[in-house]
Amino acid sequence: MTRALIVGVGSHYGDDRAGWLILDRLQELGFHDCELRRVSNPADILDFMEQRQRLVICDACQGAGPPGSIHCWSWPTDRLLARQAHGTHDMGLSEVMELATGLGMNPSSVEIWAVEGQTWFPSLNAGAEVRAACEKAATAIWEKYADA
Amino acid sequence: MSTTDVIEVPILTRVEGEGGVTIRVRQNTIENVQLRIYEPPRLFEALLCGRALEDTPDITARICGICPVAYQMSSVHALEAALGIQTTPQIRRLRRLLYCGEWIESHALHIHLLHAPDFFGAASGIELAQRFPQEITRGLQLKKHGNRLLEALGGRAIHPINVAVGGFYRLPRREELAGLIPDFEWGLEAAIAATRWVASFPFPELTQPYEFVSLSHPDEYPFNEGEIVSSQGLRVPVTEFDRHFVEVHVAHSTALQAVRHEQRTPYFVGPLARINLNRGQLSQTVQRLADEVGMESECRNPFRSIIARALELVQVYEEALDILRGYHPSGPSRMPYQPAAGQACAATEAPRGLLFHDYQIDDAGKIRQARIIPPTSQNQRQIEGDLTTYLSRNLQAKASREELASDCERLVRTYDPCISCSTHFLRVRWEEIP
């Protein structure tokens, strides 16, 4: 059984960087207790799931609260919108988790940390509220998963 | 009085990018089929103009998240031809290895998650996984191997960053590649098992008089080099691409459609074309496997493309293992060059088929003009032809409109189209207002 895994899902589209920002902050804090992975596509999480007891996914979200609000859900959760994928570029997080569950790949504990975003334009930095929230989320994850 | 009705597939699912199909039926006969690509043009060629030629492999890689290596390979080969750069045998082998990684990732994904569900009436890979958990898990493992290889050699799995004009920015250490060997040994056996699995699928009947087109090389299965050949006897150097193929604009698509230059007929690129035209270049293992699973010497059923894709998976696992085992870094990682004005083209084999690039550069090493013709652009016209034939037959068989719409999607997916890649052109009309 390997170390707990923390995955940051993000892109270069404004507040969609949130997952990456949390991961960057964990790295700045010198967090070495878990394996950290940065992905652009939720489907890539499947590559790293095997043989884990704990998986933490950091991502941006929309529609869960005011911009910059932090949410923590345990999988399975109905808070993730299930939608029909049109390809694999856009296979959503809920579909990836469903596929992993169907194949028995899911770790026993899966936690999703999400930061509510507001702007999603290409090449923009994340907004101030989101950046601040990502720092807070990283600290909370650090406190919870130190020595995981 | 004639009556017309229209069957719409508004959004094709399990293909990359956004497109749909419109079928116009008049008096129970297919009048017109349009593969509508409405995804906005990406304008990558214009974006390259004025940029340093060294930026080209990294910018063109952004055209596709599934086949970035193909764009990098076609671009560096064209630019190296323009600059007269000769690379070393080691760089050539590492480029083939990088392409192996991309084919493994792309083919494993398409076979298991995108295409296989169609043969069992499953709506998605998730649904298919409930019925074939071991096979889908195996497919995900194969995809992962492709990604790991791209990370080790390309710096990262999506949009690799190690490809340079003249070679690589850095040669991997021997242990970085050698560490992949056990996984690839397992993967070779798994790919063979996957081929046997897909060959057992129930395949719809459809045989078409295609003109298959691919690269062909006398000594190896085609990746980066070779002449352009076709099943109708064409054999020309890549530099003559424009004499034999041309792109045309159609109103219903933001992507140009490629056709044969004189005849204006469609042609077919991709794994089925490659396997048909290069069977002799397949390894002994793959040739035996092709015979064992009953792959015809010239297969003309597009639904059986999934077998061709699986056979290629075995082929690239074998080649990757061979390169991984023999790798000892030596010599330069890339060849030096001086910028000079020039023009050159190149074609390589992307997972989905022939990918043609053509560049003009100025004496300061800036891109003056770029032209990129992806495989999906080349297959579009053929896809429309296939749909017309297949749907005409099923319409006579009194299939329901819903069934016909599903048939459309299934047939389009056999080509593994990457619509996002294909939208590389926008015709702009300027209106002068006095």
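Chain A contains three helices and five strands, and from the N terminus on its elements follow the order β-α-β-β-β-α-β-α. The model described here is a predicted one, and for chain A the mean pLDDT is 85, with 90% of the residues reaching 70 or more. Within chain A, confidence is highest in helix H1 (residues 18-28), at 95, and lowest in helix H2 (residues 93-102), at a mean of 88. Of the 148 residues in chain A, 45% are buried. When contacts in chain A between residues at least 6 apart in sequence are considered, 80% of them join residues at least 24 apart.

Two packed helices are described by the angle between their axes and the distance between the axes. Helix H12 (residues 305-326) of chain B takes part in both of the pairings set out below.

| Helix pair | Angle between axes | Distance between axes |
|---|---|---|
| H8(B) and H12(B) | roughly 165 degrees | within 9 Å |
| H4(B) and H12(B) | about 145 degrees | 9 Å |

The axes of helix H8 (residues 181-199) of chain B and of H12(B) cross at roughly 165 degrees, which means that H8(B) runs roughly antiparallel to H12(B). The contact is made by residues that include B:Phe184, B:Leu188, B:Ala191 and B:Val198 on the side of H8(B), and B:Ile307, B:Leu311, B:Val314 and B:Leu321 among those on the side of H12(B). The crossing of H8(B) past H12(B) is left-handed.

Helix H4 (residues 89-115) of chain B also packs with H12(B), at an angle of about 145 degrees, and this crossing is left-handed too. Among the residues of H4(B) that meet H12(B) are B:Leu97, B:Trp103, B:Ile104 and B:His107, while those in H12(B) include B:Arg309, B:Glu312, B:Val316 and B:Ile323. B:Ile306, B:Ala310, B:Leu313, B:Tyr317 and B:Ala320 of H12(B) are listed in the contact with H8(B), and these residues also meet H4(B).

**Strands in chain B**

Strands of a sheet pair through backbone hydrogen bonds, either parallel or antiparallel. In chain B, three strands form an open sheet in the order E6-E7-E8, and their pairing is antiparallel. Strand E6 (213-216) and strand E8 (235-236) of chain B each have a single partner strand and stand at the edges, so one side of each is left without a neighbour in the sheet. Strand E7 (residues 227-230) of chain B pairs with E8(B) over two bridges in the antiparallel sense, and B:Val229 has B:Arg235 in E8(B) as its bridge partner.

Another antiparallel pairing in chain B joins strand E2 (residues 19-26) and strand E3 (residues 29-37) over eight bridges. In this pairing, B:Ile23 stands opposite B:Val33 in E3(B). The hairpin of E2(B) and E3(B) has two residues between the strands, and B:Gln27 there takes a positive phi near 50 degrees.

B:Gln382 lies in helix H13 (residues 375-396) of chain B. B:Gln382 counts as buried because 26 other C-beta atoms lie within 10 Å, where the cut-off for a buried residue is 20 or more. Apart from its neighbours within four places in sequence, B:Gln382 is in contact with B:Tyr210, B:Pro266, B:Tyr267 and B:Phe268. B:Gln382 and B:Ala258 are 124 residues apart in sequence, while in space they are 9.4 Å apart from C-alpha to C-alpha.

Notes: Residues are numbered from 1 along each chain as its sequence is written. Chains are lettered from A and ligands numbered from 1 in the order in which they are written. This is a predicted model: local features need pLDDT of at least 70, side-chain atom pairs count only at pLDDT 80 or more; totals for chains, interfaces and linings use all residues. Two strands pair if DSSP finds at least two bridges between them. Helices (H or I, at least four residues) and strands (E, at least two) are DSSP runs, numbered from the N terminus. pLDDT is the predictor's confidence in each residue, from 0 to 100. A residue is buried if 20 or more other C-beta atoms lie within 10 Å of its own, exposed if 12 or fewer, and partly exposed in between; C-beta atoms are placed from the backbone. Two residues are in contact if their C-beta atoms, placed from the backbone, lie within 7 Å. Axes are lines fitted to C-alpha atoms, for helices over the stretch in contact, and angles run from 0 to 180 degrees between N-to-C directions. Angles under 35 degrees count as roughly parallel, over 145 as roughly antiparallel, 65 to 115 as roughly perpendicular and the rest as oblique. A crossing is left-handed if the near helix is turned anticlockwise from the far one by less than a right angle, and right-handed if clockwise.
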